[in-house]
Amino acid sequence: MKDINSGNICIFESMIDKAEHICIVTHMKPDGDAIGSATAMYHFLSNSGKSPRIILNDPYPSYLSFLITPGLSEDIYIFEDQPEAASKEIIDSDLIICLDFNAFHRTDRLERPLEESEGRKILIDHHLNPARELFDLSFSETEISSASELLYHILRNTSAIGNDATRLGEKCAQSLMTGMTTDTNNFANSVFPSTLHMASDLLAAGTDRDFILNRLYNQYSENRLRLMGHMMKDLLKITGDGVAYIVLDRYTQEEYKTAEGDTEGFVNMPLSIADVRMSILAKEDNDRIRISIRSKKGTSANRCARAYFNGGGHENAAGGRLTIPEDIRGINEVGEYIERTTHTFLNDETHI
Ligand code: 5GP
Ligand code: MN
């Protein structure tokens, strides 16, 4: 973790120390790592006597609501609900801490205020291709489980924490453990020695993992499990190239009353099939199709997302979007588009 050194930690502490108006920003459609790292940062700053705000482009999914504690909920601004107030918070900030994304466009409608703001900016992220030039201080590391884990290693090196996880406080530790747990699919992928050290430190400090796991994985609706059954039985297609894909249109989402976050994790499931190298979930959103890609070692989800789905991410977990009419004319063409582009991707030497 080359960015975590005493010089950068010193700059990090002094930037926080001097700041009067701090906001915390994470990526659009926030997941467990985005909300976990953002709320952990919030608690660390609050414990340091600061009054930070969290700015989100979209509402957080309900399975993460246990991280939105009473005091914190008043300090969240969601662009979708309060566009002016959310933008103003960013523009007026003298310090902006950016978590779990590598470039401003990943925040969707927060991109403009982020560009406009003259506040100093800190990046804490674990994606490939970070736009370091946009930040005054960058902590970017890809050989790590999550932004939450990276934040943990930064915080434990500060003088306030002094390598003693109990000093993080219960809420901060809970948020960090949650973000790391969701981004590793509960220790199924992207687990590094440092990840287990973090888990061990937080458990020793008293973090209640059983509570977190119960909140994350045992609170879904009946509809969600039935939708999963339908997707795997009726909608899953597998191409001759070993690409599994599912197109989830808006009617099916309405039929199963699908809420944001309900399909979390489904894209991983087809990778359990021996011959499948890559799995793609295409989900119809308002005016676009959201794409999630997962791949086995040796096949790059990141490069496929960058080449054909206007996105990117990590080597084996990436995402992007298809827009109508630029990429396809409508949802009916998604299957054909996926089959054609992945065939080229997996068979054209220049991409492999
Ligand atoms: P998910 O499939 O869970 O939405 O996303 C998987 C990974 O890909 C995440 O790390 C996420 O940050 C990244 N990702 C998802 N969508 C996009 C996108 O549109 N652009 C880029 N650059 N990365 C994305
Ligand atoms: Mn992440």
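A polar contact here is a pair of N or O atoms within 3.5 Å. Keep that cut-off in mind for the ligand. One caveat before we start: this is a predicted model.

Ligand 1, then. A polar side-chain atom of R106 sits 3.0 Å from an oxygen atom of the ligand. H314 does likewise: one of its polar side-chain atoms is 3.0 Å from a ligand oxygen. For H127, the distance from a side-chain N or O atom to an oxygen of ligand 1 is 2.8 Å. Who else surrounds the ligand? The surrounding residues include S292, R294, A317 and A318. Glycines are there too, among them G311, G312, G313, G319 and G320.

Next, the metal. Ligand 2 is a manganese ion, and its protein donors are D33, D100, H126 and D183. The aspartates donate through OD, the histidine through NE2. Distances run from 2.1 to 2.4 Å. Along the sequence, the spacing reads D-x66-D-x25-H-x56-D. Take D100 and D183: they are 83 residues apart, and the pair links distant parts of the chain. D100 is in the loop between β4 and α5, while D183 is in helix α7, residues 170-183. Are these two buried or exposed? D100 has 2% relative accessibility, so it counts as buried. D183 comes in at 19%, so it is buried as well. The cut-off is under 20%.

Now the sheet. It is open, with six strands in the order β3-β2-β1-β4-β5-β6, paired in parallel. At the edges are β3, residues 76-78, and β6, residues 137-140; each of them pairs on one side only. Neighbouring strands are turned by 20° against each other on average, direction ignored. Zoom in on β5, residues 120-125. Four bridges join β5 to β6 in the parallel sense. D125 has S140 of β6 as its bridge partner. Helix α1, residues 6-18, lies across β1, β4, β5 and β6. The angle between α1 and β6 is about 125°.

Last stop: S295. This serine belongs to strand β10, residues 288-295. Its relative accessible area is 6%, so S295 is buried. What does its side chain reach? One polar atom of the S295 side chain lies 3.2 Å from the backbone nitrogen of A301. The side chains of S295 and N316 are joined by a polar contact of 3.0 Å. Beyond neighbours within four places in sequence, S295 is also in contact with L271, R277, M278, S300 and E315, among others.

That's the tour. Happy to take questions.

Technical notes
Residues numbered from 1 in each chain as written. Chains lettered and ligands numbered in written order. Predicted model: local features only at pLDDT ≥ 70, side-chain atom pairs only at ≥ 80, totals over all residues. Heavy atoms only, no water. Donors = N, O, S within 2.8 Å, 3.2 Å for Na, K, Ca; no water. Helix = DSSP H or I, 4+ residues; strand = E, 2+ residues; numbered from the N terminus. Buried < 20%, exposed > 50% of the residue type's maximum accessible area, 1.4 Å probe, protein only. Pairing = 2+ DSSP bridges. Axes fitted to C-alpha atoms, helices over the stretch in contact; angles between N-to-C directions. Contact = heavy atoms within 4.5 Å. Near = heavy atom within 4 Å. Polar contact = N/O pair within 3.5 Å; in protein donor to acceptor, adjacent residues only side chain to side chain.
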